[in-house]
Amino acid sequence: MSSEGLTESRGYKPFLPMILSYVASGGSLVLGSAAQLLTFAILARFLGVHEFSVFVAITAVASIAVHLCGLGAMECLVRRVARDRTIYPDMLGHNILLTAASGIVLMLAGAVTLPFFFALSPEPIDNFAVIALMLLTNIVLVRIIVLVEQIFIAHSDFASANMAVVGFAVARTVAAALACLVFGVSTVASWAVWQFICHVLVALACLWAIKGLGGPRYRIVREELPQGLYFSIPFILRALRQNADLLVLSLVTTAEIVSSYSVARRMLESSFLSVEALNRLIYPGSARMTTAGLHHALHRVLRVLAAATGIGLAAALTVFVLAPVLPHLFGHEYVSLVGFVRGLAWVVVPLAIWSVAVEALGASGYHAPRATVMGLGSIVGAGLAAGASWYAPPAGTFISFYVIEIAMVVATWGVFLRFVRRDRERAAREFQAGVVHGN
């Protein structure tokens, strides 16, 4: 082999495992996303515009609550176990206790409140029961399943994590196909039962899959409580911001626009999964690298930024080109769907750019500044999205989306670079102090 060929081989070999891991991780998320999209399409077709809009609204509420369930304990597990696997039993017990306690409170609070806004059955008791069942499914059971995925990631077992993602998505698709195509389910109340059974079976399979990693030690890891809250609050506020426009649109527009917009939002989330695959692959290694300071991972983060930007552009272009196919999948009664999907497609690019910065802050344990910038962005964004959706629907909704995400790019990278500089200066002072002490 020539010296040039040897150099080239040596240059690529260190990156080959990472590339293969990303392909596997990204492939699993894409497959999972495709299955979720198919599930969404089946439900959209068979529930119809009105029932589907109600299903979307309740799911939106659950998507906010699920980030509060567990009080951010999952991130603590990934970060701590990636650094020291002997702490896994404590972090697992910590997660189980917080997930159970917060999940019960959230489910009961929602079951008492939501029946005043949504009627899934003419009988009050039945309406309460159906809503409670949906919340149990979409908050507690979803959190358990996602926890198992994160446990595998904490142990750098990405193959099992990928299987959990794909298996969960495929199970939901099979359940939707059986319920709607075979048994003729056409109401949210009927689908709630099928959805619950599906999630219970998947949760049991996931719990069985992690039994070989060891059992939990039930205790609250007190020092991680504030860290978990700092981690989860930004996601709660972001979920609130993301659903503020949807809730306002439901007040000022038709059920068709609400349903089409919710599908467009789902497409945006699906396109972001290609970036999320990269972020979740990078996170454990970044957590280890930043133990001695965020500045040690600066070059790594910049490489991730370049990759994430390219992936985001490719995902946006793909969604934009394939948008005309969607009415054949979801149904032609969703007349606004193609325009809405194309209007939101490019949001994934700024979203990918700022997600790299917040993931780096999280991996390094800077959850307070991370929570601050994401929280303030979500609060301001919720107001802007709600106001724009109220005064100029739906065009104002789309404009506000781009304004918010671009502003988040500036804010998050400003905070990230500030802490890189601070860690570098602190390391320099400690080095100088050591030299003086040594002399």
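**Figure 1. The largest pocket of this predicted model has a volume of about 540 Å³.** Its lining is made up of 24 residues. Val61, Leu114, Phe117, Phe118 and Leu247 are the lining residues nearest the centre of the pocket.

**Figure 2. Helix α2 gives the largest share of the lining of the largest pocket, seven residues.** At least two lining residues each come from α2, α4 (88-113), α5 (124-154), α8 (224-252) and α9 (255-289). Sorted by class, the lining holds 17 nonpolar and seven polar residues, and no charged ones.

**Figure 3. The second largest cavity has a volume of about 80 Å³.** Two or more of its lining residues come from each of α9, α10 (298-322) and α13 (348-363). The residues around this cavity are Asn279, Ile282, Tyr283, Ser286, Val301, Val304, Val356, Glu359, Ala360 and Ala363. Seven of them are nonpolar, two are polar and one is charged. In the whole structure, four cavities of 30 Å³ or more are found.

**Figure 4. A nonpolar patch on the surface is formed by Phe46, Val170, Val174, Leu178, Leu181, Val182 and Phe183.** Together these residues have about 640 Å² of accessible area. Helix α6 (residues 158-182) contributes five residues, the largest share of the patch.

**Figure 5. Phe46, a member of the nonpolar patch, is found in helix α2 (residues 16-68).** Phe46 counts as partly exposed because its relative accessibility is 33%, and partly exposed covers the range between buried, under 20%, and exposed, over 50%. Helix α2 also takes part in the lining of the largest pocket, with seven residues.

How values were computed: Residues numbered from 1 in each chain as written. Predicted model: local features only at pLDDT ≥ 70, side-chain atom pairs only at ≥ 80, totals over all residues. Heavy atoms only, no water. Patch = residues over 30% accessible without salt bridge, like charges linked within 9 Å, V, L, I, M, F, W, Y side chains within 5 Å. Areas by Shrake-Rupley, 256 points an atom, 1.4 Å probe, with all protein chains shown as cover. Salt bridge = Lys/Arg side-chain N within 4 Å of Asp/Glu carboxyl O. Helix = DSSP H or I, 4+ residues; strand = E, 2+ residues; numbered from the N terminus. Buried < 20%, exposed > 50% of the residue type's maximum accessible area, 1.4 Å probe, protein only. 1 Å grid on protein atoms, 1.4 Å probe; cavity = no way out; pocket = protein on both sides within 12 Å on 5 of 7 lines; lining within 4 Å. Points joined across faces, edges and corners; volume = space filled by probe spheres on them. Nonpolar A, V, L, I, M, F, W, Y, C, P; charged D, E, K, R; others polar.
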